[in-house]
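Please keep the viewer open as you read.

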Amino acid sequence: MQALLWHALDGAHKGSVQCDLCAHGCRLKKGDKGLCGVRANSNGELVTLVGNVVTAVNMDPVEKKPLYHFLPGSRTFSIGSAGCNFFCKYCQNSSIAHIPPSGLVPGKRATPEDLIVLAQENHARSMAFTYNEPTVFFELVYETAGLAIARDIRCLLVTNGYMSEECLRAFSRRVCAVNVDLKSFRDSFYRQYCGARLQPVLDNLKTMRKLGWWLEVTTLVIPGVNDSAAELKEAAAFIHQELGAHTPWHLSAFHGAHQMADHPSTPLSKLEEAWSIGRQEGLHFVYIGNALSAMGSNTFCPECGVLVIERQGYSVTLHMQAGAPGVCPSCHTTLPGVWT
């Protein structure tokens, strides 16, 4: 099917197209595919190969995304397709994120209407576009999210944050919450480990905040790669200064995968050190994921310190003022987030 967000090139480049979907801005001659592997120039028109392709659907705790301040304790209908505009050496979903050399796109056919029906049958309060990068199956996300709004189902993105500003603007009224992977605070890391750049991600994080989406940030802490105290401090300072002290920062433990299967896992001590750095930089909500930690799973009121949300794995207990979601039971402060 024909893709959205592209334009034809003229002059010496006639017959070529430019994809306007993400920060790569791929220019494609006839027959070429973009870096994502799922957008192609077909006779001078850009087409998507995943406009109706789904590789995974599942009902997940919203905390698994992870989103800790968005309808806590609820379940979200998760949808994945195929392809990615990153080439992360440690990708945990490489079987769907990276299209094989054969060019055969994995998955089954599904329409936006099919996905909405499944979400309703499962009594989902939200739909999360996740597992692979949702930017690259933009058309399916865009249409599905439009239908979801009419049925009072909220839409979430779990993303690397590398979309174009045009893509963000198109999503602006159809998405209400997002978790963005801030993979490192070094451009050299993005170039070496992801085949991308840091600045577009930082710019998009600031744009998402301006759009009014509920925003949470995740950093996978990789031992010896992006875990220096200096880098973590800079990342925390950026979140505090540009996104706000109330922005949750999830620090996730690395476990070997893909081309880094033999790389050591993140020690709990390193995650707790990173947690302390985030708090010292003024962030109110810092969390530890992919590891059991007494300090990094619960939500406390930033004003009085009382426990407001208790988490054990994906089990959630809310300690909030009766009849007032998101309100501290002790000092009656309303915590930032989406509670109803």
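Helices (H or I, at least four residues) and strands (E, at least two) are DSSP runs, numbered from the N terminus. With that convention, Asn43 sits in the loop between strand 4 (39–42) and strand 5 (45–48). The model is a predicted one: local features need pLDDT of at least 70, side-chain atom pairs count only at pLDDT 80 or more, and totals for chains, interfaces and linings use all residues. Residues are numbered from 1 along each chain as its sequence is written, and side-chain values use heavy atoms, with hydrogens and water left out.

**The chain as a whole**

- The chain holds eight helices and 18 strands.
- Its radius of gyration (taken over C-alpha atoms) is 20 Å, which agrees with the value near 20 Å for a compact globule of 340 residues. The globule rule behind that comparison is 2.2 Å times the number of residues to the power 0.38.
- Along the principal axes, the C-alpha trace spans about 65 × 45 × 35 Å.
- Buried residues make up 54% of the 340 in the chain. Here buried means under 20% relative accessible area, exposed means over 50%, and partly exposed is in between (1.4 Å probe, protein chains only).
- Among contacts (heavy atoms within 4.5 Å) with a separation of 6 or more, 65% come from residues 24 or more positions apart.

- Helix 7 (residues 229–243) has 15 residues and should span 21 Å at 1.5 Å a residue; its end C-alpha atoms are 20 Å apart, which agrees. The expected span is 1.5 Å times one less than the number of residues.
- The buried residues of helix 7 are Glu231, Leu232, Ala235, Ala236, Ala237, Phe238, Ile239 and Leu243. Their cover includes helix 6 (199–211), strand 13 (214–221), strand 14 (249–253) and helix 8 (268–280).
- Just after helix 7, Gly244 adopts a positive phi of about 115°.
- Helix 3 (residues 138–150) has 13 residues and should span 18 Å; the distance between its end C-alpha atoms is 19 Å, which agrees.
- Buried in helix 3 are Phe138, Glu139, Leu140, Val141, Thr144, Ala145 and Ala148. Asp152 follows helix 3 and has a positive phi, near 60°.

**Backbone details to check**

- Asn43 is not a glycine, yet its phi is positive, about 55°. With a relative accessible area of 68%, Asn43 is exposed.
- Leu5, in the segment before strand 1 (6–8), also is not a glycine and has a positive phi of about 60°. Leu5 counts as buried because its relative accessibility is 14%.
- The peptide bond from Lys65 to Pro66 is cis, with omega near -10°. Pro66 lies in the loop between strand 7 (56–61) and strand 8 (75–80).

**Residues and their surroundings**

- Thr247, in the loop between helix 7 and strand 14, is buried, with a relative accessible area of 0%. Not counting residues up to four places away in sequence, Thr247 touches Arg209, Leu215, Val217, Ile239 and Phe285. From Thr247 to Val217 the C-alpha distance is 7.4 Å, across 30 residues in sequence.
- Val178 belongs to strand 12 (residues 177–181) and is buried, with a relative accessible area of 0%. Leaving aside neighbours within four places in sequence, the contacts of Val178 include Leu67, Leu157, Thr159, Met208 and Trp213. Val178 and Tyr193 are 15 residues apart in sequence, with 23 Å between their C-alpha atoms.
- Gly305 is in the loop between strand 16 (299–300) and strand 17 (307–312) and counts as partly exposed at 42% relative accessibility. The C-alpha atoms of Gly305 and Cys331 are separated by 9.4 Å, at 26 residues apart along the chain.
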